[in-house]
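Please report on the fold, the core and a few single residues of this chain. Keep it brisk.

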Amino acid sequence: QATNEATPTSSDTEQPFSHLNHQGDGVSMVDVGHKAVTRRIATARSSVIFPPEVLSAFQLLTSQDKGRRSSEMIGPKGPIFETAKIAGIMAAKKTSDLIPLCHPLPLDRVNIDIQLIDNRAIIECECRVTHKTGVEMEALMGASVAALTIYDMVKAVSHRVEIGSTVLVGKSGGK
């Protein structure tokens, strides 16, 4: 039976905020059931800025391995950057437990790199997944918790340590 009513287009039915209902007063997890499973990668960056007293209080190690420079700060609690990497990886794996509307994802890989450049620890967290939804929140969570862990491990020396901005620097896959 034919009707004269127009069929809504996808642009008529799309929500500006995917987690809100049409009235804007209810939240739900986005339905990704119709999406294709694809390889998705996201990278986030954060930084920790150290005052001079922090840099002078800890043993600083740098090394070259296969043309790649590696940095580490050693303190009474142990290797600061390695501990932060472990914390960031654990956090990326637990993102959906902490961010209410995130889908739990079976991460294929999480890699965290931390470089000491002048008085800054630059943290990069790359997450990979083969799934129906992106992995940006996991990368942001990993970089953020790595930065917080560094702060925790050096705060006894100075509370002037600053955590810089955490940003998504890249993503691929999906749509």
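## Sheet and core of a predicted model

In strand 4, G75 has G78 as its bridge partner. This is a predicted model, in which local features need pLDDT of at least 70 and side-chain atom pairs count only at pLDDT 80 or more, while totals for chains, interfaces and linings use all residues. Residues are numbered from 1 along each chain as its sequence is written, and side-chain values use heavy atoms, with hydrogens and water left out.

Strand 3 (residues 68–75) and strand 4 run antiparallel and are joined by two bridges. Two strands count as paired if DSSP finds at least two bridges between them. Strands of a sheet pair through backbone hydrogen bonds, either parallel or antiparallel. Here the open sheet has three strands in the order 2-3-4, with antiparallel pairing. Strand 2 and strand 4 (78–79) are the edge strands, each pairing on one side only. Helix 3 lies across strand 3 and strand 4 and runs at about 100° to strand 3. For such angles, axes are lines fitted to C-alpha atoms, for helices over the stretch in contact, and angles run from 0 to 180 degrees between N-to-C directions.

L60 sits in strand 2 (residues 59–65). L60 touches L55, E72, M73 and L116, leaving aside residues up to four places away in sequence. Contact here means heavy atoms within 4.5 Å. L60 and M73 are 13 residues apart in sequence, yet 4.7 Å apart in space, C-alpha to C-alpha.

The whole chain has five helices and eight strands. These are DSSP runs numbered from the N terminus: helices are H or I with at least four residues, strands are E with at least two. Along the sequence the pattern reads α-β-α-β-β-β-α-α-β-β-α-β-β. Of the contacts between residues at least 6 apart in sequence, 69% join residues at least 24 apart.

Buried residues make up 35% of the 175 in the chain. Buried means under 20% relative accessible area, exposed over 50%, and partly exposed in between (1.4 Å probe, protein chains only). The accessible surface of the chain is about 10,600 Å², and 54% of it belongs to carbon and sulfur atoms.

The largest nonpolar core holds 32 residues, and F50, F81, I123 and I150 touch the most other members. Strand 1 (38–49), helix 2 (52–57), helix 3 (80–93), strand 5 (109–117), strand 6 (120–131) and helix 5 (136–154) each supply at least two of its residues. Helix 5 gives the largest share, eight residues. Such a core is a set of buried Ala, Val, Leu, Ile, Met, Phe, Trp, Tyr and Cys residues joined through side-chain atoms within 4.5 Å. I150 touches V48, F50, I80, F81, A84, I114, A121 and I123, not counting residues up to four places away in sequence.

| Residue | Relative accessible area | Class |
|---|---|---|
| C127 | 0% | buried |
| C102 | 13% | buried |
| L60 | 39% | partly exposed |
| D118 | 69% | exposed |

C127 is buried, with a relative accessible area of 0%. C127 is in no disulfide, and the nearest cysteine sulfur, that of C125, is 3.9 Å away. A disulfide is a pair of cysteine sulfur atoms within 2.5 Å. By this rule the count is zero.

D118 lies in the loop between strand 5 and strand 6. Its phi is near 55°, a positive value in a residue other than glycine.

Note on methods:
Areas by Shrake-Rupley, 256 points an atom, 1.4 Å probe, with all protein chains shown as cover.
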